[in-house]
Amino acid sequence: MHPSATALLNRLLVRGKFRHIQVLLKLAELGSIQRTAESIGTTQSAVTQTLAYLEQMLETPLFHRHARGVQPTLACIELLPVGRQLLEGLFESAEVIRLEDHTAFTRGGSVTADHTIIAVDKLKGDISPLADEVFHAQTFLSISEPLTDKDLVRLFPSGKQMQCWDSKLVYTYFRLTGDNRLLVGGGTAITTYLKEAYNNHRIISRVIRQFKKHFPFLEDLAFIQFWPGLIDATRDLLPIIVRPPDQPHLHFVLGSVGLPWAAFTGGFAARNVLGEADEDYKKYYRYFSNRRHFVLPSGLVKIIGKPLMFSLSNGWAKFYQVDHHRKHEEKKGEF
Ligand SMILES: Cc1cc2nc3c(=O)[nH]c(=O)nc-3n(C[C@H](O)[C@H](O)[C@H](O)COP(=O)(O)OP(=O)(O)OC[C@H]3O[C@@H](n4cnc5c(N)ncnc54)[C@H](O)[C@@H]3O)c2cc1C
């Protein structure tokens with residue numbers, strides 16, 4: 001007979017670490033050491049070692065090994081719900097509520113580090129006054145049922161898939177998922193700049209109607225789900241990356257609109273922290289400074305309010321902003 005779930009839990013609480021619980025849950029979910037290693041960014045041998053350590057610590061087998069993967073034992077199945085609760089508890093107590101010198105405090109504890117990159121959304125003013133530089137744009141995303149082969153050919157006649165968007169201030173965009181569903185996103189001029197989150201299906205229904213006007217052959221395509229959300233953005237839509245002069249151990253990365261920007265800004269901050277950035281690469285600090293030229297001063301927000309401030313600056317940036325940092329070099333033979 002295996003030890004009771006309570007006994008296993010007690011052992012796990014005394015000696016278990018976050019990584020142990022993560023491996024346990026992922027192995028049970030994916031049933032494969034290789035896929036577990038891939039999903040948490042480690043090696044197969046690290047997963048195997050963690051599993052061996054866990055089984056030794058809990059003094060019971062947790063998975064049956066077979067040719068096609070692993071299958072949880074009864075003891076493991078009983079342990080999974082408490083493992084999930086532990087992880088949720090960790091997640092809920094991970095919010096940074098205060099920064100002091102090199103230490104970030106959460107409700108559950110604190111972390112001290114030589115360098116910290118703060119790349120959170122909806123930054124609060126009590127963590128940094130840079131919170132005033134961040135605006136929120138309301139957006140909606142919807143997903144369709146899979147397209148037929150015929151519709152696919154009509155939508156992408158060249159056979160190449162691409163992400164497409166229009167040139168309006170609040171643009172509508174669409175692209176395909178791996179299983180040939182359409183993702184259509186967008187919003188409306190008014191709701192995009194609303195101060196608070198606004199969750200109403202009429203907005204995305206309108207975006208979809210407009211989209212279908214351009215592609216009447218998709219009239220009967222059903223959109224099965226939508227998600228509303230507030231995206232952090234700066235006034236000119238370029239991210240802000242700041243290493244405050246009086247806190248050089250901190251990097252604030254704010255307003256990265258879209259996943260490509262988020263990947264770049266996080267990578268940029270990390271390369272600088274790790275000392276991998278050369279002087280040429282460091283020039284981007286100037287581009288992303290919170291003190292770069294914005295057409296309207298941030299103080300104006302107190303008079304005209306965030307929505308108007310955001311939409312005016314955003315509109316100006318979209319149509320008139322020029323890259324002043326790049327020196328124009330005349331090419332040979334250019335007139
Ligand atoms: C409905 C919707 C559809 C979108 N569609 C697309 C799309 O199709 N393509 C695209 O490129 N982009 C899309 N985006 C935008 C994209 O999701 C964001 O621009 C991108 O996720 C920003 O990445 P980020 O890492 O800067 O911030 P986030 O992804 O917002 O991550 C910030 C993290 O910080 C955490 N956090 C916040 N405060 C704290 C704190 N105090 N302590 C600890 N952690 C904290 C949050 O929990 C969160 O996990 C969409 C957004 C929405 C809402």
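Q: What should I know before I start?
A: Residues are numbered from 1 along each chain as its sequence is written. In this predicted model, local features need pLDDT of at least 70 and side-chain atom pairs count only at pLDDT 80 or more, while totals for chains, interfaces and linings use all residues.

Q: How is the chain divided into domains?
A: Domain bounds come from an automatic or database domain assignment. Here you get domain 1 (5-92), domain 2 (96-134 + 234-292) and domain 3 (136-233).

Q: Which residues surround the ligand?
A: A residue is near a molecule if its C-beta atom, placed from the backbone, lies within 6 Å of it. There are 17 residues around this ligand, and the closest are Val 120, Asp 121, Gly 229, Gly 258 and Ala 262. Domain 2 and domain 3 both give residues to the shell, so the ligand lies between them.

Q: Which element gives the most to that shell?
A: Helices (H or I, at least four residues) and strands (E, at least two) are DSSP runs, numbered from the N terminus. Strand E11 gives the most, with three residues.

Q: At what angle do helices H2 and H4 pack?
A: Axes are lines fitted to C-alpha atoms, for helices over the stretch in contact (C-beta atoms, placed from the backbone, within 7 Å), and angles run from 0 to 180 degrees between N-to-C directions. H2 (residues 18-30) and H4 (residues 44-58) pack at about 105°, with axes 10 Å apart. That makes H2 roughly perpendicular to H4 (65 to 115 degrees).

Technical notes. Angles under 35 degrees count as roughly parallel, over 145 as roughly antiparallel, 65 to 115 as roughly perpendicular and the rest as oblique.
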